Amino acid sequence: MDKHIEKVYCPMTESAFYILLSLQQERHGYGITQRVKELTDDHITIGPGTMYGTLSRMEKDGLIRFTQEREKRKYYLITPLGTEVLNREKERIRHLYRIVQEDEQ
């Protein structure tokens, strides 16, 4: 993995994590926002500035790709690099969870 990608995305912000997680299926910005609300039981809402700034940065860095524009909505999908970064973050979170579980015993 590229040093720039590691520096920017490891560890990942919550917003970036949920955006990548949402883009395992093709979605547009509003669809991502709705999916994040669904995944977090409405605990996290990603505002437009954060959403489109993150999408732009992730697209530039190759974690997601633009797939199509329909009805003035741009659709995106995670790339293999994005999947690699997402999987790495999932493993980091699993590790943190294990540490917390062991500490509580």
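The model is a predicted one, in which local features need pLDDT of at least 70, side-chain atom pairs count only at pLDDT 80 or more, and totals for chains, interfaces and linings use all residues. Residues are numbered from 1 along each chain as its sequence is written, and side-chain values use heavy atoms, with hydrogens and water left out.

I start with the overall layout. The protein chain has five helices and three strands, in the order α-α-β-α-α-β-β-α along the sequence. The C-alpha trace spans about 55 × 35 × 20 Å along its principal axes. Of the 105 residues, 35% count as buried; buried means under 20% relative accessible area, exposed over 50%, and partly exposed in between, with a 1.4 Å probe and protein chains only. A contact is heavy atoms within 4.5 Å. Among contacts between residues at least 6 apart in sequence, 55% join residues at least 24 apart.

Next, the core. A nonpolar core is a set of buried Ala, Val, Leu, Ile, Met, Phe, Trp, Tyr and Cys residues joined through side-chain atoms within 4.5 Å. The largest one has 23 residues, and the members that touch the most others are Ile19, Leu20, Leu23, Leu55 and Met58. At least two residues each come from H1 (3-9), H2 (14-22), H3 (29-39), H4 (48-61), S3 (73-78) and H5 (80-104). H2 gives the most, with six residues. As for Leu55, setting aside neighbours within four places in sequence, its contacts are Ile19, Leu23, Ile32, Ile64 and Tyr76.

Leu55 sits among the buried residues of H4, which are Met51, Thr54, Leu55, Met58 and Asp61. Viewed down the axis of H4, these fall within an arc of 135°, so they line one face of the helix. That arc is taken over the directions from the helix axis to the C-beta atoms. What do the buried residues of H4 pack against? They pack against H1, H2, H3, strand S2 (64-70), S3 and H5. The face turned away from the buried side carries exposed Pro48, Gly49 and Lys60. H4 has 14 residues and reaches 20 Å from first to last C-alpha, close to the 20 Å expected; the expected span is 1.5 Å times one less than the number of residues. Just after H4, Gly62 takes a positive phi of about 85°.

Asp61 is buried yet has no salt bridge, and the nearest side chain of opposite charge, Lys60, is 4.2 Å away. For the charge count, Lys and Arg are positive and Asp and Glu negative, while His and the chain ends are not counted. A salt bridge requires a side-chain nitrogen of Lys or Arg within 4 Å of a carboxyl oxygen of Asp or Glu. Beyond four places in sequence, Asp61 is in contact with His4, Ile5, Tyr9 and Leu81.

His28 has a relative accessible area of 11%. Leaving aside neighbours within four places, His28 is in contact with Arg73, Lys74 and Tyr75.

Now H5. H5 has 25 residues and reaches 36 Å from its first C-alpha to its last, close to the 36 Å expected. In H5, Gly82, Val85, Leu86 and Glu89 are buried, and what covers the buried residues includes H1, H2 and S3.

Finally, the salt bridges, of which there are five. One joins Arg88 and Glu6 at 3.5 Å, N to O. Arg88 lies in H5 and Glu6 in H1, so the pair ties together parts 82 residues apart in sequence. Arg88 is partly exposed at 39% relative accessibility, and Glu6 is partly exposed at 26%.

Another joins Glu89 and Arg92, with the closest N and O atoms 2.7 Å apart. Glu89 is buried at 4%, whereas Arg92 is partly exposed at 33%. The two are three residues apart in H5, about one helical turn.

Glu91 and Arg94 also meet in a salt bridge, at 3.5 Å, N to O. Glu91, Arg94 and Arg98 are linked in a network of salt bridges.

How values were computed: Helix = DSSP H or I, 4+ residues; strand = E, 2+ residues; numbered from the N terminus.
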